[in-house]
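Welcome! Take a moment to look over the chain below, and then let us walk through it together.

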Amino acid sequence: MSKHENAAPARCMHSLSPHLVCEGAAAAVDFYKKAFGAEEMMRIPAPDGRLMHACLWINGSTVIVMDAFPEMGAVSPQALGGSPVTLHLIVEDTDSAFDRAIDAGAIEVAAPDDMFWGDRYAVVKDPFGHSWSIATPQKNFSEEEIIERAKSVMMECG
């Protein structure tokens, strides 16, 4: 039985879990441990030494990591020239989480800042090509307030 109450013990996944394909998945697992405090729940190697499946627990959710298997259609962001997907991580302290990720080897995309929708927010790209937004909710605005605040920001940006 998993020590994580919300994880399905046999599969280690929620009803929706991101599945990240990485060049060098074992190194990615180590990076996610260092950068985001991930706990490794399971690791299944392929006969050729690549990582077929690793289940991580990050901040209350599961994330699946595997090596690229292009012969099976599993390709990494590097093979695709990037990824349009960003993983959104809510944390207690955006600034310290951002610093921890940078210290672990992530690249700064957007430094921590207070955003119009009420979050302290930053974005990093991990060494494997995946983007992570890091946020700490600070203020609760209504949908209408966020729309108005967004209009103001867009007007300022031209």
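How many of the eight residues of β3 are buried? Seven of them are, so β3 is largely enclosed by the rest of the structure. Here buried means under 20% relative accessible area, exposed means over 50%, and partly exposed lies in between (1.4 Å probe, protein chains only). Helices (H or I, at least four residues) and strands (E, at least two) are DSSP runs, numbered from the N terminus.

Before going further, a few words on how to read the model. This is a predicted model, in which local features need pLDDT of at least 70 and side-chain atom pairs count only at pLDDT 80 or more, while totals for chains, interfaces and linings use all residues. Residues are numbered from 1 along each chain as its sequence is written, and side-chain values use heavy atoms, with hydrogens and water left out. The pLDDT is the predictor's confidence in each residue, from 0 to 100. Its mean over the protein is 92, and 93% of the residues reach 70 or more. Over residues 1-10, however, the pLDDT is below 50, and beyond near neighbours in sequence this stretch has 15 contacts in the model; contact means heavy atoms within 4.5 Å. Where pLDDT is low, the predicted coordinates should not be read in detail.

Now for the overall plan. The protein has four helices and eight strands, and from the N terminus on its elements run β-α-β-β-β-α-β-α-β-β-β-α. Its C-alpha atoms fill a box of roughly 55 × 35 × 30 Å, taken along the principal axes. Of the 158 residues, 39% count as buried. Among contacts between residues at least 6 apart in sequence, 55% join residues at least 24 apart.

Let us return to β3 and look at the sheet around it. Four strands form an open sheet in the order β1-β4-β3-β2, with mixed pairing. β1 (19-22) and β2 (39-45) stand at the edges with a single partner strand each, so one side of each is left without a neighbour in the sheet. From one strand to the next, the twist averages 20 degrees. Two strands count as paired if DSSP finds at least two bridges between them. Strands of a sheet pair through backbone hydrogen bonds, either parallel or antiparallel.

Next, β3 and β4 run antiparallel and are joined by five bridges, with Ile 58 and Ser 61 as bridge partners. This hairpin has two residues between the strands, and Asn 59 takes a positive phi near 50 degrees.

Leaving aside neighbours within four places in sequence, the contacts of His 53 include Cys 12, Met 42 and Ile 64. Met 13, also in contact with His 53, is found in the segment before β1 and is partly exposed at 27% relative accessibility. In strand β4 you will find Thr 62, which is buried, with a relative accessible area of 1%. Its side chain makes a polar contact with the side chain of Ser 17 (2.6 Å). A polar contact is a pair of N or O atoms within 3.5 Å; within protein, one must be able to donate a hydrogen and the other to accept it, and residues adjacent in sequence count only if both atoms are side-chain atoms.

Helix α1 (residues 25-36) lies across β1, β2, β3 (51-58) and β4, running at about 5 degrees to β3. Axes are lines fitted to C-alpha atoms, for helices over the stretch in contact, and angles run from 0 to 180 degrees between N-to-C directions.

Finally, move along to the other sheet. Its four strands form an open sheet in the order β5-β8-β7-β6, with mixed pairing. The edge strands are β5 (86-90) and β6 (107-114), each pairing on one side only. Here the twist averages 15 degrees from one strand to the next. β6 and β7 (residues 119-125) run antiparallel and are joined by five bridges, and Asp 113 stands opposite Tyr 121 in β7. Helix α3 (residues 94-104) lies across β6, β7 and β8 (131-137), running at about 10 degrees to β7.
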